[in-house]
Amino acid sequence: MKRSNKETCCASAARRRLNELPSGSRGVVHHIETAETALHRLMAMGLCVGREIKVVRQGNPLILGLLGARIGVSSRLAHHVVVQPSCCGSTRDCQS
Amino acid sequence: MESAGKRAMRVALAGNPNGGKTTLFNALTGLRAHTANYPGTTIECRLGRCTNGASGIELLDLPGIYDFNASSEEEQVALNALQGRSAEFGAPDGVIVVTDATNLSRSLFLISQIVEMKLPVVVALNMVDLAEAGGIRIDARKLAAELGCPVVPVVARTGHGLAELRAALRQMKPPAPREVCGGCDGCRFKTRYAWSDAITQRCVEHAPRPASRWTERIDHMLTHPVLGVAAFFGVMLGLFFLIFSLASVPMDLIDGFFSHLGGWVERTMPESDLRNLLVKGVIGGGGGVLVFLPQICILFFCISLLEDTGYLARAAFVMDRLMRRVGLPGKAFVPMLSAHACAIPAIMATRVIEDKRDRLVTILVLPLFSCSARIPVYSMLAALLFADNAWRASLVFTGAYAVGILAAVGVAFALKRALLKGESRPLVLELPSYKMPSLRTAALLMLDRAWVFLRRAGTIILFISIALWALATYPKSEPPKEAVALQQQAGQLRARGATKDADEAQAQANRLTAHAALANSAAGRIGHYIEPVLRPLGFDWQIGIGIISSFAAREVIVSTLAVVYGVGEDVAEEDPESLYDSLRRAQRADGTKVFTPATCVSLLLFYVLAMQCLATQAITRRETNSWKWPALQLGYMTLLAYGTALVAFQTLRACGIA
């Protein structure tokens with residue numbers, strides 16, 4: 001994995017909440033704020049710290065790309081997920 | 001494994017939602033399946049016997065689960081059944097985990113927990129065809145070694161791999177012990193996913209191909225906040241139209257069949273109470289039940305197709321934001337739309353709503369949407385209000401539908417605020433890839449729903465139709481003097497050969513007799529009794545009889561009014577115009593017109609909002625497992641209807657429109 005590349009490339013990007021990321025952006029889950037029970041289902045579907053996710057479509061509800069599946073998530077819930085964005089929006093520039 | 005003891009070996013089908021569990025269940029059991037309830041709940045389960053070489057194994061189709069920590073009532077019920085916590089069911093003897101091959105790492109999260117149960121396990125790796133099309137290749141043998149249990153690639157839709165699956169079922173044994181969650185402190189999700197990710201890396205080759213782009217492209221439109229909603233309305237309108245139009249052919253056939261049957265009984269049996277009971281009560285009531293079947297069948301067939309393709313998830317997604325303003329989930333829209341055809345299949349369709357409270361609120365407000373049974377009533381009242389103006393008459397219709405919708409939305413809002421409080425659970429909904437739907441699954445679901453309806457609701461409806469017939473027939477009374485005189489006159493006319501006049505006189509005599517019989521029956525007496533309560537609404541005792549008989553079924557009022565105002569039932573059916581004319585001219589004892597504009601409006605509003613359909617109550621009882629909720633439905637709707645009609649009538653009268 002091109003770890004070092006990614007770290008230097010994306011170190012400057014500020015962490016954002018999941019419901020604030022623009023459509024098409026990718027990122028890595030940094031932490032999840034509350035232990036709200038509704039989040040448990042998302043976590044059971046693969047949303048862990050360190051997981052790579054993609055915002056397929058922003059909105060309320062938004063569409064999240066997680067482990068190859070597309071999941072509709074309400075904005076209110078997505079607010080609790082803090083993501084470290086990959087600074088590059090497409091896979092062409094940043095192989096991760 | 002040999003079946004030990006009396007009970008056949010029972011194997012549960014577990015797995016993530018959208019993994020093809022039900023398709024696999026249907027493929028393995030075909031028609032040898034039936035629907036039962038999880039003990040003490042309204043949640044249904046499908047039980048069936050395997051065919052072809054694995055017979056002797058009973059399969060239990062569980063609702064989809066993601067995790068052993070349930071986040072919904074359905075998941076909890078599935079888990080109880082899986083872990084053998086329900087006393088009546090007992091633990092299963094084995095588990096088939098139906099796994100979506102395109103989503104293996106997520107499924108492994110659940111598989112890790114199932115494997116730890118130490119029950120015999122077989123992993124059915126479903127949809128391998130789709131996986132391969134997407135460039136995903138899974139080494140089933142390696143995976144089996146990692147998991148310690150057999151892994152059988154299948155394609156449930158085509159039947160590929162089923163023979164191997166049945167063979168694996170016959171040789172099920174507990175998996176080799178695996179400790180996935182070591183220690184379990186810290187994020188248990190993380191531990192299991194670490195395990196799952198590792199296995200996925202070892203067993204799956206992923207070379208993504210653009211095959212899945214279709215889903216993305218279609219979704220781009222269907223999940224768009226504006227386009228998606230428009231598309232959804234289009235689909236729903238199409239569904240509604242289909243139910244309305246396609247169903248009318250078999251419905252007419254059923255109606256025709258039962259009238260012929262009734263006619264035949266009338267001709268062959270001598271005049272007697274028993275004959276009357278058979279014709280009006282049993283045959284009439286039975287026909288009244290079966291006539292719902294075409295709509296139910298079409299609705300569920302289409303819902304199954306829509307769900308199979310994956311479209312319903314998009315619909316729920318796109319309607320979610322709008323529906324949340326009322327406090328309901330997006331999925332509630334499907335039953336709400338089909339309630340405009342008939343509330344009964346709509347109430348049955350609320351099972352797509354996961355949250356129990358949301359489902360209950362939806363069921364409680366569905367009858368407020370104007371169903372097709374109200375149409376004859378609307379037609380009659382529109383004609384009475386605006387005899388010559390078709391434009392205004394159609395406004396009456398639109399207004400009536402709008403009132404129903406507004407009332408439903410309002411009551412839903414109020415219910416969620418007051419009685420069934422609670423924030424709707426935030427949306428977490430998987431949008432599966434689009435797939436070709438299975439006609440077989442749709443047909444099986446349709447048959448199942450139809451049978452459930454007949455078995456549970458059908459009996460109640462039939463029973464109550466008979467009860468209402470009795471109310472309108474007993475106590476009997478002598479034909480009035482005028483009728484007797486007319487009958488004699490008819491006899492004399494016939495003797496002289498003036499058959500036409502004789503027939504007319506006889507018909508008139510029959511009408512008078514029917515009118516008197518109804519007025520003196522229990523229903524008629526109740527009508528008189530409640531008249532003081534109805535007068536503030538502008539109704540009299542005759543309309544009262546109509547309303548009472550309508551509590552069985554709404555459209556009955558048209559034929560009841562025909563009898564009550566002495567026009568005759570057959571005339572009402574064949575020539576509604578003459579019925580409308582008679583009603584327009586109808587006068588009270590003091591000479592004032594009965595159907596004044598104010599009365600018509602108030603009666604219309606009453607019919608928009610009142611709960612007048614025992615079939616609906618029967619289904620509500622069945623779907624909620626208690627009489628409390630149908631009673632609440634009846635109570636609040638009656639109050640709402642009464643109050644609205646009262647306000648309308650008094651306001652109109654005060655404004656001088658008597």
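Which elements do the buried residues of α12(B) pack against? Before you select anything, keep in mind that this is a predicted model. Now to the partners: one is β5 of chain A, and the others belong to chain B, namely α8 (213-222), α9 (227-268), α11 (293-309), α13 (333-338) and β10 (428-431).

**Stop one: α12 of chain B**

Select residues 311-324 of chain B to bring up this helix of 14 residues. From its first C-alpha to its last, α12(B) reaches 20 Å, close to the 20 Å expected at 1.5 Å a residue. Click on B:Val318 and look along the helix there: a kink of about 35 degrees is centred on this residue. Next, colour by burial. In α12(B), 11 of the 14 residues are buried, so the rest of the structure largely encloses this helix. Among the buried ones are B:Tyr311, B:Arg314, B:Phe317, B:Asp320 and B:Met323, and B:Val318, where the kink is centred, is buried as well.

**Stop two: over to chain A**

One of the partners of α12(B) was β5 of chain A, so let's go there next. To see where they face each other, pick A:Leu66, which stands opposite A:Ala69 in β5(A). Two residues lie between these strands in their hairpin, and in the turn A:Leu67 has a positive phi of about 55 degrees.

Stay with β4(A), residues 62-66: four of its five residues are buried, leaving the strand mostly covered. Its other link to show is β3(A), residues 52-57, which runs antiparallel to β4(A) and is joined to it by four bridges. Pick A:Arg57 and its bridge partner in β4(A), A:Ile63. This hairpin has four residues between the strands, and A:Gly59 takes a positive phi near 150 degrees.

**Stop three: the sheet in chain B**

Back to chain B. Here seven strands make an open sheet with mixed pairing, in the order β2-β3-β4-β1-β5-β6-β8. At the edges you'll find β2 (33-37) and β8 (151-153), each with a single partner strand, so one side of each has no neighbour in the sheet.

Zoom in on β6(B), residues 121-126, which runs parallel to β8(B) and is joined to it by three bridges. One pair to click is B:Val123 with its bridge partner B:Val151 in β8(B). Then show residues 140-147 of chain B: this is helix α5, packing on the sheet and touching β6 and β8. The direction of α5(B) makes about 155 degrees with that of β8(B).

**Stop four: another enclosed helix**

Select residues 375-385 of chain B for α16. Eight of its 11 residues are buried, so α16(B) is largely enclosed by the rest of the structure. Including B:Val377 and B:Tyr378, the buried set also takes in B:Met380 and the run from B:Leu381 through B:Ala382, B:Ala383 and B:Leu384 to B:Leu385.

**Last stop: zoom out**

Show chain B whole. It has 29 helices and 10 strands, and its C-alpha atoms fill a box of roughly 100 × 55 × 40 Å. Of its 658 residues, 46% count as buried. To finish, colour domain 1 (9-208) and domain 2 (478-520) of chain B; their centres are separated by 74 Å.

Key
Residues numbered from 1 in each chain as written. Chains lettered and ligands numbered in written order. Predicted model: local features only at pLDDT ≥ 70, side-chain atom pairs only at ≥ 80, totals over all residues. Buried ≥ 20, exposed ≤ 12 C-beta atoms within 10 Å, placed from the backbone. Pairing = 2+ DSSP bridges. Contact = placed C-beta atoms within 7 Å. Axes fitted to C-alpha atoms, helices over the stretch in contact; angles between N-to-C directions. Domains from an automatic or database assignment. Expected span 1.5 Å × (residues − 1). Bend = angle between axes of the 7 residues up to and from the residue.
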